[in-house]
Amino acid sequence: MPDFEFVHISQPGDEKKNSTKVRRHVMKDIGRSRRKQKTRCETTTAGDVNATAAGPSTGGQAQDEQALVPSPLAEARLGDIEFPIDMDEKRRDLTRFLFAAAGSSYRPFGLPWLNIGLADAAAWYITLANAELFKEMRSGDAKPEFNTNTAAMRWYTMSLGSISKRLADPNETNKQGLIAAITGFICHDTSTGNFSRQEIHLQGLKRLVDDIGGIDEISNPVLRLMISWHDLSGAAYRNGPPHFDVPKGSITDINTGSDTEYFKVLLESWNKNCPYLGDIQDALKATAAVASYVNQNCHAPNFWTDDVTAARLLAPALHEVLSLQGRALPNDPAHPDYSGTAAREAFRRSALIFLAALKAKFGAVSFELSRHVQDFRQISQIPHVDWAVVPELNLWAHTIAALEEQSDQRSWHVAAIVNIMESAGFTASQQALDMVRGIIWIEALFEDKVETLCREIDSLIAFRTMDQLSILSMNPPG
């Protein structure tokens, strides 16, 4: 049954004074509803690659746009594959292992990459180099560099030699094969966290892609998405703009339904009261749309192992957030934009934390997550910032950061959350979490972390309450 709350308005104009109270009451119902799992999935329109998951590691029906990789479970089937290099028995054994591993265990883009690697000799060499590394890895191992494995280093050297020779040849015609091969190097850089080397490879790849007319001229749809995925991973780690545009096939038209109603009301109020937040609104809207899509679809089978859909979904929001230009914090805390500028950067960083956590939920490495959590910690400790300047979104930003922070490192976040709660008149963590859930939220992402944070918040509230009572008992009024 609806929970009604009456607001007394005695004269015209009083409705503005009570607007915050009305918004927060609306938010309570939204927050409560998001604690419950949704069972109905709504339709989401998209671009030129189908979003439906087709299996645990196939990347969805996007693969229908390219030839499916035959299963090399038997020599006869393996013999059906047209390889770009000569294959002896040792190479075939390595290929059997590679295909079996890609089909039995999920590694983002592991299976979709096989078609890409088979299209070019240099790309296949770097694929076999990775296979040599994977053979020696155990579950949970960090991926090593090629120079730690003699066989992998040999394949790596052959790939590098092929690429270098073709780049020097003015008559080289297979530009898309070269793009695929260099993307293979970039995949390895991302998975090992070598982002300085990744940046060098991305710059070279950008020149090649520009030569053919841009990322949307790449014929393989999964290769387009992989390039964007790794480009955005590097940009997020460096906290800078991406090299490439959002590729066609990305999910850009999401029916959010009623999920973002409260958030839209907040945006309208910010337009009037916080003009310095205007340029970040598109980035926050894109992040909210991602959350809405996940909430609508995450209960579908194999959703969290659909790598292609993950790339299509995250690209537009990450691109929006990372393309925002930084702003210098005014030197004078009394400057009217001082707190707003700090809040803007806090919102941007919390959006990056949110998207990085979601990326990790899809099974991808997310080296950028800890960097953004650490940077947010520093932002939250900037002196003289009034975090109540935009209380709803500041509460959301600090809560998202706190959920991804280690418990022994987040006392400052908890204190900031409680301060904002006090300015809003909240007395319990659940009230704050209901508000946060009404802004940008994915229950499946945070459900295992909320309870601990709520205990810490309520513990600090109780401590402050007891401290205030103690002071009053020693200094009774009158």
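A: A residue is called buried when its relative accessible area is under 20%, exposed when over 50%, and partly exposed in between, computed with a 1.4 Å probe on protein chains only. Helices are DSSP runs of H or I with at least four residues, numbered from the N terminus. The model is predicted, so local features need pLDDT of at least 70 and side-chain atom pairs count only at pLDDT 80 or more, while totals for chains, interfaces and linings use all residues. Residues are numbered from 1 along each chain as its sequence is written, and side-chain values use heavy atoms, with hydrogens and water left out.

Helix H6 covers residues 121-136. Of its 16 residues, 13 are buried, so H6 is largely enclosed by the rest of the structure. From first C-alpha to last, H6 reaches 24 Å, close to the 22 Å expected at 1.5 Å a residue; that expectation is 1.5 Å times one less than the number of residues.

At the start of H6, the backbone nitrogen of Ala-122 has a side-chain oxygen of Asp-120 within 2.9 Å. The backbone oxygen of Ala-122 lies 2.8 Å from a polar side-chain atom of Ser-159.

Ser-159 itself belongs to helix H7, residues 150-167. Ser-159 counts as buried because its relative accessibility is 0%. Apart from neighbours within four places in sequence, Ser-159 is in contact (heavy atoms within 4.5 Å) with Ala-122, Tyr-125, Ile-126 and Phe-185.

Key:
Helix = DSSP H or I, 4+ residues; strand = E, 2+ residues; numbered from the N terminus. Polar contact = N/O pair within 3.5 Å; in protein donor to acceptor, adjacent residues only side chain to side chain.
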